[in-house]
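Hi,

Here is the structure I promised to pass on. Have a look first, and my notes on what turned up follow below.

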Amino acid sequence: MFLHIVFLLSLLSSTSHATVQDFCVADLKGADTPSGYPCKPPANVTSDDFVYTGLAEAANVTNIINAAVTPAFVAQFPGLNGLDLSAARLDLGPGGVIPLHTHPGANELLIVLQGHILAGFISSGNIVYQKVLKKGELMVFPQGLLHFQIAVGKRKALAFPVFSSAFPGLQILDFALFASNFSTPLVTQTTFLDPAIVKKLKGVLGGSG
Ligand SMILES: *[C@@H]1O[C@H](CO)[C@@H](O)[C@H](O)[C@H]1NC(C)=O
Ligand SMILES: *[C@@H]1O[C@H](CO)[C@@H](O)[C@H](O)[C@H]1NC(C)=O
Ligand SMILES: *[C@@H]1O[C@H](CO)[C@@H](O)[C@H](O)[C@H]1NC(C)=O
């Protein structure tokens, strides 16, 4: 009997030593590596590390796209580190546009909470899949593909994308071409666009070269 209890106790203590690591809250002061940030010491972790309140408020959409993307990626929400998840908030004014963009590191699940959103993506085979979504409807955008969202009708719209990575990344096609220092001759040569259009868009979006 005594041996039995000793055995059970040793089993219990060995399992407690072998507990899996439940989480790895990012220590944002550490290096951001492809496998994530180093973990905050468990003694420093609090409930607040697992909660993000930064998407509760509507963002200012007074800008050229009449829309705003507010990220809740690991840099904003350290509790996501290592969990292969993140989110964002899309605020669109009437007619607002999230221009063609990709998330190189994640699939996206878009959840529409308000308004009507025309959303779509372009496959690698150059087929367009698009749909007008309303409140409560969801659409998926496979990893790496160019996609867009537009508020249709006279109402503003609100949606929350969820991503299958804490590092989804975001590259906006027009910003890559016209807000960067990719030179006008090279943009013209590689896109076949008219140089006057390239110069105009660079002027609007702040590109150089
Ligand atoms: C953990 O908490 C201790 C004591 O408050 C502090 O000195 C230390 O810098 C913290 N470490 C991190 C990585 O936040
Ligand atoms: C929204 O942004 C615009 C342009 O930056 C600014 O003029 C305006 O005051 C902002 N509105 C609010 C409510 O902050
Ligand atoms: C663009 O700018 C970056 C830094 O601002 C510089 O390192 C890079 O060489 C530039 N590229 C070209 C093609 O000018």
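Let's start with strand S3 (residues 97-102), which is joined to S10 by two bridges, the two running antiparallel. Thr102 has Gln171 in S10 as its bridge partner.

Before going further, some housekeeping. This is a predicted model, where local features need pLDDT of at least 70 and side-chain atom pairs count only at pLDDT 80 or more, while totals for chains, interfaces and linings use all residues. Residues are numbered from 1 along each chain as its sequence is written, chains are lettered from A and ligands numbered from 1 in the order in which they are written, and side-chain values use heavy atoms, leaving out hydrogens and water.

Back to S3: three bridges also join S3 to strand S8 (residues 146-152), again antiparallel, and Val97 stands opposite Ile150 in S8. Both pairings belong to an open sheet of five strands, in the order S6-S5-S8-S3-S10, with antiparallel pairing. Its edge strands are S6 (128-134) and S10 (171-172), each pairing on one side only.

At the S6 end, strand S5 (residues 116-122) pairs with S6 in the antiparallel sense over seven bridges. His116 is found opposite Lys134 in S6. S5 and S6 make a hairpin with five residues between them, and Asn126 in the turn has a positive phi of about 65°.

Then there's another open sheet of five strands, ordered S1-S2-S9-S4-S7, also with antiparallel pairing. Strands S1 (67-72) and S7 (138-141) are at the edges with a single partner strand each, so one side of each has no neighbour in the sheet. On average, neighbouring strands of this sheet are turned by 20° against each other, direction ignored. S1 pairs with strand S2 (residues 86-92) over six antiparallel bridges, and Thr70 stands opposite Arg89 in S2.

Now the helices. Helix H3 (residues 184-191) packs against helix H4 (residues 195-205) at an angle of about 125°, with the axes 9 Å apart. Axes are lines fitted to C-alpha atoms, for helices over the stretch in contact, and angles run from 0 to 180 degrees between N-to-C directions. H3 and H4 are therefore oblique to each other (under 35 degrees counts as roughly parallel, over 145 as roughly antiparallel, 65 to 115 as roughly perpendicular, and the rest as oblique). Which residues meet? Thr184, Val187 and Thr188 in H3 meet Pro195, Val198, Lys199 and Lys202 in H4, with contact meaning heavy atoms within 4.5 Å.

Lastly, the UniProt record (an unreviewed entry) places the feature "domain: Cupin type-1" at residues 53-199. The end C-alpha atoms of that span lie 40 Å apart, and the span is 13% helix and 41% strand.

Cheers

Terms used: Helix = DSSP H or I, 4+ residues; strand = E, 2+ residues; numbered from the N terminus. Pairing = 2+ DSSP bridges. UniProt positions renumbered as here; feature names shortened; annotations may be inferred.
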